[in-house]
Amino acid sequence: MSLNQANKFGFVINPSRLIDYDSSDRKVRDYVTLREPSFKLCFACGGCTAACTAGQHTSFNLRRMITYIRRGEIEPLRDEVTRCMLCGKCLLVCPRGVNTRNVVAVTAEAISKLDRNEL
Amino acid sequence: MKGTPKHVIVAGGGVAGMEAAGSLAEMGYRVTLVEKGEDPGGHLLQWHALFPDRRPADEVRSYLRKRIVHHNISIITRTTVEKIKYHPGGTVSVNLSGGTDEKADAVIVATGFQLFDAHRKEEYGYGIYDNVITSADLEGMFNRGRVAKADNSVPARIGLIHCVGSRDEKVNNNHCSKVCCVTAVKQAIEIREMLPSCEIFCFYMDMRMYGPYYEELYRESQEIHNVNFIRGKVSEASVNINNRLVIKVEDTLAGRPLKMELDIMVLMVGMEMEEAGAKLAEASGFKRGINRFLETGDHHYGNNLSGVRGVFYAGTCTAPMNITDTISHARAAVAETVRYLDGR
C-alpha cells in the first residue's frame, strides 16, 4: 500500500523526530570545529541567545544552533544561519570565550560548500 | 613530641587557620596565629546560617573560637604574612607586615579566599542599581532579620543569579566555586520562610549539588518552598520606568529568550585567590595553578604540600571548598606538619 493510499484512510506516517546519530552528517561540525576551534567550548548557558537582538524577533537561537551542528542536524541550520545579523553582541557575553560570530559565519560557509558538494 | 615544643606559624585566622592552630596546640606545639583582620573568624563572621542543614553560623564560630583559646596559641591580629623562607637547618623565617620577623619550625599557609568583586560584572549593575546585591549582602540582611528593597519596601520577586565570577572567561575565572549553587538554594529557602509571598527564581547553568544532603536541600526547595529554577545565564540587567530590575536570559529548556522583572537581584559571588595570599605566594615563590589558587604538591595524595620544606597548605588558599572540607583539609595539613617535624 502506498503512502498516498494510506492517507485516504485517514492515516499518515509522520517523519521520524529522532536525532539519528548513526546516520546524521557531522561534516559541518568537523568543518566548523577545524576553522573555529573555540566552538568546542560551548556549555549551552544561553547567554548568547539572551543577548541576541535577532533572537528577540525571530526563531534564531545560537545555543540551539550549536547543538544542531554538534549532532549533525543539518536541515535546521539552513534557516538559522540566515537570521544572524553578525552584530557580535553574543561575543561580549559568552563565558567560555567562544567566537560566536565566527561560528555563524563559518557554519554558513560550510552549508554553502555542502550544497556545492565541496565539503 | 619531646624537649622544647616546636613552633608553628599559621598564616590566616579563618576556618582553616583556626582549626589548624587548635589541633597543633592540643598536641603540644607552640602556635602563632597571624590574622589580617580585627579578629579571627574569616568569612564565617559575616554569614548567618550554613548549608545544608541551615544551622546558625554562630555555632561553628563558637566551636572555632573555643578551639583557639589555648595557652600554646598566641594570636597576632591586623597583620599579614608577607614572605616565608626555609633555611637549611630547618628554620623557617616569616616576615610580617609592619616589619617584624618571626622564626618557626614550620608554617601552615591558610590565607583563604576572597569573594569575587561583583562590580567587575558591570552588565549586572552591582553598585549601579540599588537593588542588585551579592549573596554576602543577603547574609547581612538575614543577620539584621529583614530582607527589603533599598527603599525599605517588601520585595515581591527575587532572582538569584548563579555563577557570578565563576565559570566565566570574561572575568578570568574558569573555575567553579563549588559552594554557590547550594548557597543559592539555602538562601532561596530562607527568603521564602521570611517572606512567604515572595517569588524566588534561581538562574543557573548547572546545579552542582556535590555534597551530602545538598541534593536533598535542592529537592526540599522545590517540594516544600516552591522555589523556581530557570536554566540560563543572565546576559544583562537594567531598570525600567517603574524602578524594577529587568533581566534578560535564555530559558534554555524552553529554547526561547526570556525577560523578567525583579525587585531584588542577588549575585551569587564566587571564590578567588585572596589578595594577601597571592602576594605572599609571589614573594615566597609558591606555585599557583591556572585558577590562581596555590598549587599543591600532588592533587590526589599531597594536597597540603607546598613544594617548599616546612611549609604546608590548609583550606581555600588551595581551591574553593566548603566549611566541612576546609576543616578536614586543615586537620590533614596538621598531620603533614607533624609528620614533617617528627621526621626531622
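Modeller: A residue is buried if 20 or more other C-beta atoms lie within 10 Å of its own. The model is a predicted one.

Colleague: Which residues cover each face of S1(B)?

Modeller: His7(B), Ile9(B) and Ala11(B) are buried on one side, and Val8(B) and Val10(B) are buried on the other.

Colleague: How do you know that S1(B) pairs with strand S2 of chain B?

Modeller: Pairing needs at least two bridges. S1(B) and S2(B), residues 30-34, have five, in the parallel sense. Thr32(B) in S2(B) is the bridge partner of Ile9(B). Between S1(B) and S2(B) the chain passes through helix H1, residues 15-26 of chain B, in a right-handed β-α-β crossover.

Colleague: And how many bridges join S1(B) to strand S9 of chain B?

Modeller: Four, and S1(B) and S9(B), residues 106-109, run parallel. Val109(B) in S9(B) is the bridge partner of Ala11(B).

Colleague: Why is Gly277(B) called buried?

Modeller: Gly277(B) has 28 C-beta neighbours inside 10 Å, against a cut-off of 20 or more, so it counts as buried. Gly277(B) lies in helix H6 of chain B, residues 275-284.

Colleague: Which residues is Gly277(B) in contact with, leaving aside neighbours within four places in sequence?

Modeller: Thr111(B), Gly112(B) and Cys317(B).

Conventions: Residues numbered from 1 in each chain as written. Chains lettered and ligands numbered in written order. Predicted model: local features only at pLDDT ≥ 70, side-chain atom pairs only at ≥ 80, totals over all residues. Helix = DSSP H or I, 4+ residues; strand = E, 2+ residues; numbered from the N terminus. Buried ≥ 20, exposed ≤ 12 C-beta atoms within 10 Å, placed from the backbone. Contact = placed C-beta atoms within 7 Å. Right-handed = clockwise from strand over helix to strand, strands pointing away.
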